[in-house]
There are 2 protein chains.
Amino acid sequence: MNIAVAQSGGPTCAINASLVGVFKEALKEPQIDAIFGSVNGIEGIIHNHLVDLKTLILTNDDMELLRQTPSTVLGSCRYKLPDYSEDDSVYKKILETLEQRQIGAFFYIGGNDSMDTVNKLSEYFRQESVDIKVIGIPKTIDNDLCITDHTPGFGSAAKYVAATMREIVRDSSVYSIPSVTIVEVMGRHAGWLTASSAVLHALGETAPHLIYVPERSFSLDAFMRDVRQEMAKHKAVIVAVSEGIEVPEGVQSGVVDNFGHKYLSGIGKYLEEAVRKEIGCKVRSIELNVMQRCSSHLSSKTDIDEAEAIGSEGVKCALNGDTGKVMVFRRVNEMPYTIVIETTSAANIANNEKFLPDDFITPSGNNICDSALSYFLPLIQGELNTIMEQGIPKHFAIQESVLK
Amino acid sequence: MNIAVAQSGGPTCAINASLVGVFKEALKEPQIDAIFGSVNGIEGIIHNHLVDLKTLILTNDDMELLRQTPSTVLGSCRYKLPDYSEDDSVYKKILETLEQRQIGAFFYIGGNDSMDTVNKLSEYFRQESVDIKVIGIPKTIDNDLCITDHTPGFGSAAKYVAATMREIVRDSSVYSIPSVTIVEVMGRHAGWLTASSAVLHALGETAPHLIYVPERSFSLDAFMRDVRQEMAKHKAVIVAVSEGIEVPEGVQSGVVDNFGHKYLSGIGKYLEEAVRKEIGCKVRSIELNVMQRCSSHLSSKTDIDEAEAIGSEGVKCALNGDTGKVMVFRRVNEMPYTIVIETTSAANIANNEKFLPDDFITPSGNNICDSALSYFLPLIQGELNTIMEQGIPKHFAIQESVLK
């Protein structure tokens, strides 16, 4: 039997570690022969564009380097499968590729939308009585998947956000005049990543002094009141804000991607301008931008190790005969932090979102409770031994020509 | 004899290392008693706001932690001394503080403007026959000081920019559609930091495919032509651009976008919009913002060690009877990279700027020559053993109340 693996959705620091997990485990299993990588997610399967990973990942050093490489080494896509009862033409193409390549199991590393693909594809195969297993390996820096305690990729993003926020705190503290610094963090609907910056409170930092997440309604008046209150207490006020907080109409540019997600930008800048106009103090905004999802040089070892492990477990799951499942983490102990890897039906995860629990957010809606920090802290622990070349972190890359 | 040290100008990752250099060397010198830190640069001297550093930096561990802490632990200022022939009132206040505290040497860690202070203050003391030495310790991520081979702080910023640029390259490579990514780097007049991203070419990366620096005039037409040419060769085109390039009139002063928002930070977003309008491809802009000057978690060990050494040498210089001098690096050998620390008159450095040499920039003006990489590469070598607490880099901080 051969297998195929693909990566989908937005980049994270941990997607390649999950690929390594699948690859390593597959190497160990005598019943698995070729390990194909699908180029650009499910699109590679649709267009029969696969690469033989055993010819590309040659050594243990390659695997370690790949674990430390951000983004998706096989490329990604934002392709959403149609309903097969309405149009099964693309399903037939997928099946054709998989059968031609004698692929008995397909592993899809991705977020919400990819788990929709896992769900639909496994249902289609069941209906067609085709024995090809389809297993989902979760990933997203947004941490907004249901069932699982957290998602691979989130811990590294949270570590970057908190570490960078602390450096911004130092940077903001230099001048004697009062200032406001607004840090915009990714998260369209769920505030997990923004909330994770509150771990600094466990390290004795008073910042972030204000944290706004999309789970609470946002009012510019309340925001200004909050900022003024914090300015009375602190010389340099630090605000963390999710890109997805609801602001007055017109701020979001409203471009829509294939999945109907609005293209967002400008919340930080918008609030910066508002503070400048209403308070008139020194104010700046900082967008952490793609750095929060690709700064592998500051990955969480816990995150990367877990991402690899959940990939490995996915292979075992398929070999046990499961299909239409997504691998998930369950936290079985808080101190010491212990997780187990389990499975859930892809239908439970696809097209659902998990939001910050109510009790994570302070009653005033403008910060995160200290009691929530024990959730975040274990996920950002540990560092990799970053492999460097000439002073710069080295990456594993497949030649562009091979992926064409 | 007592001494005083102050930090000035914009934050870098290396200013505190220079402070440690001054402090460590002063501890060794039997003729030095108290080591005062001036709060918020020269303003601390003016207002007699000094702290006793021996009561704040207690152990070798404290010193190592301070070396790894970004920004200025003593605060900063942007104060420029008036001409003492026109108004010497502030000079008298400075002298009053220094004499009251029995300070025989003052060390000012800063950029261009701070070296102007060193120059004026030492001249004033000479004129008044006051025996207080004034020594400048350079710092700036902009690397735009004359005489010195490079400035402390630049190497760490360059390492961050190049490492992050490489991660952005990975992040940009995931989708199958053509894209343009514009990365805006600090540098108002000099393109050193933007140019340093070209070190990726020495590591086998084709990116950045285009690099624009303020040393060359910028034309939007030529830019569009360049981008189209690179898009013909590469799926994901990466552009590095200095914040200070000259763009068509009106952009910096506040052109208004579709939603009535002014372009605040401008250049990156402006070029993003221009590419979207003229080429219509997927395009985004990324501002490296303050992260490029405060990401101590990715400091260059070479930079931090040199910053400490140049601080130490400053103390020796003052004890040798010098004043009105700025410490500088001279590169005496390329392979292996070897520098010596020398002095120059503050008048040679104050109020001057050093630009990229002509032969660093390609004839087409849109990239950096490979022959220039040997200048940049030694400066970004090595990493510190970052001290962590709970998964986040730890910082040295003086309580806000002490600095008040």
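Q: How many residues of chain B are in contact with chain A?

A: The model is a predicted one. In it, 52 residues of chain B are in contact with 53 residues of chain A.

Q: Which elements of chain B each supply at least two residues of the side that touches chain A?

A: They are α6 (154–172), β9 (282–287), α11 (291–294), β12 (388–389) and β13 (392–393) of chain B. The largest share, 9 residues, comes from α6(B). By residue class, the side of chain B that touches chain A divides into 22 nonpolar, 20 polar and 10 charged residues.

Q: How are two copies of a chain related?

A: In general, two copies of a chain are related by a rotation about an axis and a shift along it.

Q: Why can one say that the copies meet through the same surface?

A: Because 94% of the interface residues of chain B are also interface residues in chain A, the copies meet through the same surface.

Q: How many helices and strands are there in chain A?

A: Chain A has 14 helices and 13 strands. Its radius of gyration is 22 Å, close to the 22 Å that the globule rule gives for 404 residues, so chain A is as compact as a globular protein of that length. The C-alpha trace of chain A spans about 70 × 50 × 45 Å along its principal axes.

Q: What share of the residues of chain A count as buried?

A: Of the 404 residues of chain A, 58% count as buried.

Notes: Residues are numbered from 1 along each chain as its sequence is written. Chains are lettered from A and ligands numbered from 1 in the order in which they are written. This is a predicted model: local features need pLDDT of at least 70, side-chain atom pairs count only at pLDDT 80 or more; totals for chains, interfaces and linings use all residues. Two residues are in contact if their C-beta atoms, placed from the backbone, lie within 7 Å. Helices (H or I, at least four residues) and strands (E, at least two) are DSSP runs, numbered from the N terminus. The radius of gyration is taken over C-alpha atoms; the globule rule is 2.2 Å times the number of residues to the power 0.38. A residue is buried if 20 or more other C-beta atoms lie within 10 Å of its own, exposed if 12 or fewer, and partly exposed in between; C-beta atoms are placed from the backbone. Ala, Val, Leu, Ile, Met, Phe, Trp, Tyr, Cys and Pro count as nonpolar, Asp, Glu, Lys and Arg as charged, and the others, Gly among them, as polar.
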